[in-house]
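These are my notebook entries on a structure that I looked up. I record what I checked, in the order in which I checked it.

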Amino acid sequence: MSRALHIVLRFDDPSATSDHALEREIFAILGELGIPATIAVVPFGSNADGLVPLTRDNAPHLVAAHAKDVIEVAQHGYAHQHLTSTSKGSPSEFWGVPADEQLRRIDAGHDQLAQTFGQPIRGFIPPWNTYDDTTAHHLAARGYAYLSGSLVTPPADKTSLCLIPCTCDVHHLRHAYAEASRHSFLSPTIVVIMHHYDFMEGADEPGKLSLQAFRETLLWLKQQPEVRFITLGHLAKNLGIADSQAILRRHLKKERLHWRLQCLLPRALLMTHPLWMYFRPLLSMRPVSAR
């Protein structure tokens, strides 16, 4: 990729039973500004009657946005069900779940989305960003290209997947841009995660961000000459498997540094380069003369 500041928008949780009115508003903003986004779609939503599979009939706005290339669809697990908890207490639909059940959920979820959108799904985003080596193994065997979790997720063992963690939430996007601008010589990348509950217009859990403020932030970023909006799929093609594994190892290494050093390193960027390179802006600063 050319030297630029790359931003990926990742919107989690749309399903057959999610807030479709809010989703249509978000997609309208993306379409108006010509900004693509990766949508983590839950294959089987839930309501009082049980699981509801996503179809062309109950999610026409998703199908239409996908057909217009406004969104890239990734699989968000199976039904976003809290089945287990990780060793650190985080909820999960896949971590520690028996292999045959993981495979069943991955395949059933994929087939439902593929039928709805008319093409295979090549990206996987596990609910709560949690998974294990078994999950990654099955995804790679099924031909997925990337898996997107979080910065605290350890690299999967011997996987052929591109691992792309999210780096900040939508509320911190302007701060992430300012941080990226200080490291522009490294062509930085920001992976932004957002949910329905981030927005004031959300029907169930209204958040603090208005759709108008969201649009204004995206428009402002769109006007910055160095900014390029891309999808997770685009990023995976350009990043590669080995480099994506190295990114996660760097972030884990950063967490083991003294806190004074951690504070000097970026918090909202994919660290695609060796850690020492992120100290360069500090090395170029001239000391203030004593008076």
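**Entry 1: one residue**

I note that Gln245 counts as buried because its relative accessibility is 10%; buried means under 20% relative accessible area, exposed over 50% and partly exposed in between, with a 1.4 Å probe and protein chains only. I place Gln245 in helix H8, residues 241–255. Helices (H or I, at least four residues) and strands (E, at least two) are DSSP runs numbered from the N terminus. From C-alpha to C-alpha, I find Gln245 and Met271 to be 11 Å apart in space and 26 residues apart in sequence.

**Entry 2: source of the values**

I record that this is a predicted model, in which local features need pLDDT of at least 70 and side-chain atom pairs count only at pLDDT 80 or more, while totals for chains, interfaces and linings use all residues. Residues are numbered from 1 along each chain as its sequence is written, and side-chain values use heavy atoms, with hydrogens and water left out.

**Entry 3: helices H1 and H6**

Two packed helices are described by the angle between their axes and the distance between the axes. I looked up H1 (residues 20–33) and H6 (residues 211–222), which pack at an angle of about 20° with axes 11 Å apart. Axes are lines fitted to C-alpha atoms, for helices over the stretch in contact, and angles run from 0 to 180 degrees between N-to-C directions. H1 and H6 are therefore roughly parallel to each other; angles under 35 degrees count as roughly parallel, over 145 as roughly antiparallel, 65 to 115 as roughly perpendicular and the rest as oblique.

Which residues of H1 meet H6? In H1 I list Leu22, Glu25, Ile26, Ile29, Leu30, Glu32 and Leu33, and in H6 Leu211, Phe214, Arg215, Leu218, Leu219 and Lys222. Contact means heavy atoms within 4.5 Å.

**Entry 4: helices H3 and H4**

I then turned to H3 (residues 99–117) and H4 (residues 133–141), which pack at about 45° with their axes 10 Å apart. H3 and H4 are therefore oblique to each other. Ala99, Gln102, Leu103 and Ile106 of H3 make the contact with Thr134, Thr135, His138 and Leu139 of H4.

**Entry 5: a strand pair**

Last, I examined strands S3 (residues 44–47) and S4 (residues 50–53), which pair in the antiparallel sense over four bridges. Two strands pair if DSSP finds at least two bridges between them. I find that Gly45 has Val52 of S4 as its bridge partner. S3 and S4 form a hairpin, with two residues between them.
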